[in-house]
Amino acid sequence: MEKVKVSAPGKLMLFGEHAVVYGFPCIVAAVDQRMQVVAETLARPEIVIDAPDVGIIGYTKKVDLLKNSDNLPKGVQFLETAVKNFFEKYQVKTGLKIKTTSKFSSQFGFGSSSAVTVSVLKALSLLLEIKLSKKELFKIAYRTVLDVQGVGSGFDLAAALWGGVIYYVLGGKRIAPLEVKNLPLVVGYSGVKADTPSLVYQVNQLYRDNRQVIKSVFKSIDILTRQAKKALIKKDFSKIGQLMDINQGLLDALGVNTLKLSRLIFAARKGGALGAKISGAGGGDCMIALVGRESEPIVKSAIRKAGGKVIEVKISAEGVRVE
Ligand code: MEV
């Protein structure tokens with residue numbers, strides 16, 4: 001194959017963020033906003049990257065210099081590291097031209113880096129005719145995320161690969177698809193870009209300073225995530241909403257809430273949401289609210305009035321695929 005087009009979905013964390021980094025489960029949903037990668041082989045031994053959504057045009061690197069991966073420009077970090085890891089693992093050295101296009105802003109925290117990583121690895125396996133299972137792709141993708149940002153549970157990679165709604169345990173120890181087709185969520189963007197690794201480090205500091213207390217917070221998140229799994233399968237919306245609110249209280253205890261997110265969460269609840277919480281690391285990015293048919297427009301307008309931007313996304317989307 002000389003040219004291939006692949007796409008992977010973004011994600012929303014439903015339950016269990018932060019605790020998942022410590023080995024407890026989380027629940028993540030793939031969303032219908034996708035990252036697209038077009039990859040083709042080049043005769044000359046160079047990697048050429050175009051990622052106009054993040055300001056990268058005509059970035060070029062000699063294949064032999066891929067091992068020099070310090071101080072990469074932010075916009076190519078995940079992509080170039082993924083190519084390097086793939087080439088090292090499968091002992092290949094091919095010139096490549098790669099173009100990425102995003103259907104969503106990298107500002108929202110929908111996991112554009114993980115969707116790019118997964119898409120490019122899938123594209124390489126097709127281009128170079130190296131047949132890889134999702135689990136094998138996951139392993140190289142997770143290596144890539146740890147190489148680039150040092151921390152992370154890998155839940156977003158699982159969403160990009162498998163799609164749907166997933167019950168997930170750290171490092172891919174458990175990746176269990178859940179039968180959840182429809183979950184009426186409203187997503188509110190806080191207008192602030194969160195820096196996930198620094199929030200993970202912040203929570204880790206709190207954990208080290210207050211080991212017993214924070215351990216019991218994680219344990220409570222663990223219990224509610226397991227209950228949420230059952231409630232999601234049963235479509236018990238009022239229970240799901242209750243558990244979202246409890247999860248939010250525990251995220252507050254972890255210190256990752258902000259005034260802006262809090263305003264959107266309380267506005268959503270006041271507008272009739274069944275539950276509302278941060279989705280992801282906190283410190284910014286998005287909140288989610290579970291709504292009924294009647295409350296949906298009221299919740300949306302309440303979020304807007306409170307200063308948030310409503311993002312129209314749907315769960316649950318298909319995982320990585322050839323376009
Ligand atoms: C970030 O979206 C979710 C965290 O749990 C980090 C991770 O799982 O990689 C905070």
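**View 1. Helices α8 and α9 pack against each other in this predicted model.** Helix α8 covers residues 259-270 and helix α9 covers residues 295-305 (helices are DSSP runs of H or I with at least four residues, strands are E runs with at least two, both numbered from the N terminus). Their axes sit 8 Å apart at an angle of about 150° (axes are lines fitted to C-alpha atoms, for helices over the stretch in contact, and angles run from 0 to 180 degrees between N-to-C directions). That makes the two roughly antiparallel, therefore (the label for angles over 145 degrees). On the α8 side, L264, A267 and A268 make the contact, and on the α9 side V299, A302 and I303 do (contact means heavy atoms within 4.5 Å).

View 2. A side-chain N or O atom of S153 is 2.6 Å from a ligand oxygen, and a backbone N or O atom of H18 is 2.9 Å from a ligand oxygen (polar contacts pair N or O atoms within 3.5 Å).

**View 3. Take a look at the backbone of H18.** H18 isn't a glycine, yet its phi is positive, about 70°. You'll find H18 in the loop between β1 (3-15) and β2 (26-42).

**View 4. I315 and S316 are joined by a cis peptide bond.** Omega is about -5° here, and S316 belongs to the loop between β11 (309-311) and β12 (321-322).

**Notes.** Residues are numbered from 1 along each chain as its sequence is written, and side-chain values use heavy atoms, leaving out hydrogens and water. Since the model is predicted, local features need pLDDT of at least 70 and side-chain atom pairs count only at pLDDT 80 or more, while totals for chains, interfaces and linings use all residues.

Notes. Angles under 35 degrees count as roughly parallel, over 145 as roughly antiparallel, 65 to 115 as roughly perpendicular and the rest as oblique. A polar contact is a pair of N or O atoms within 3.5 Å; within protein, one must be able to donate a hydrogen and the other to accept it, and residues adjacent in sequence count only if both atoms are side-chain atoms.
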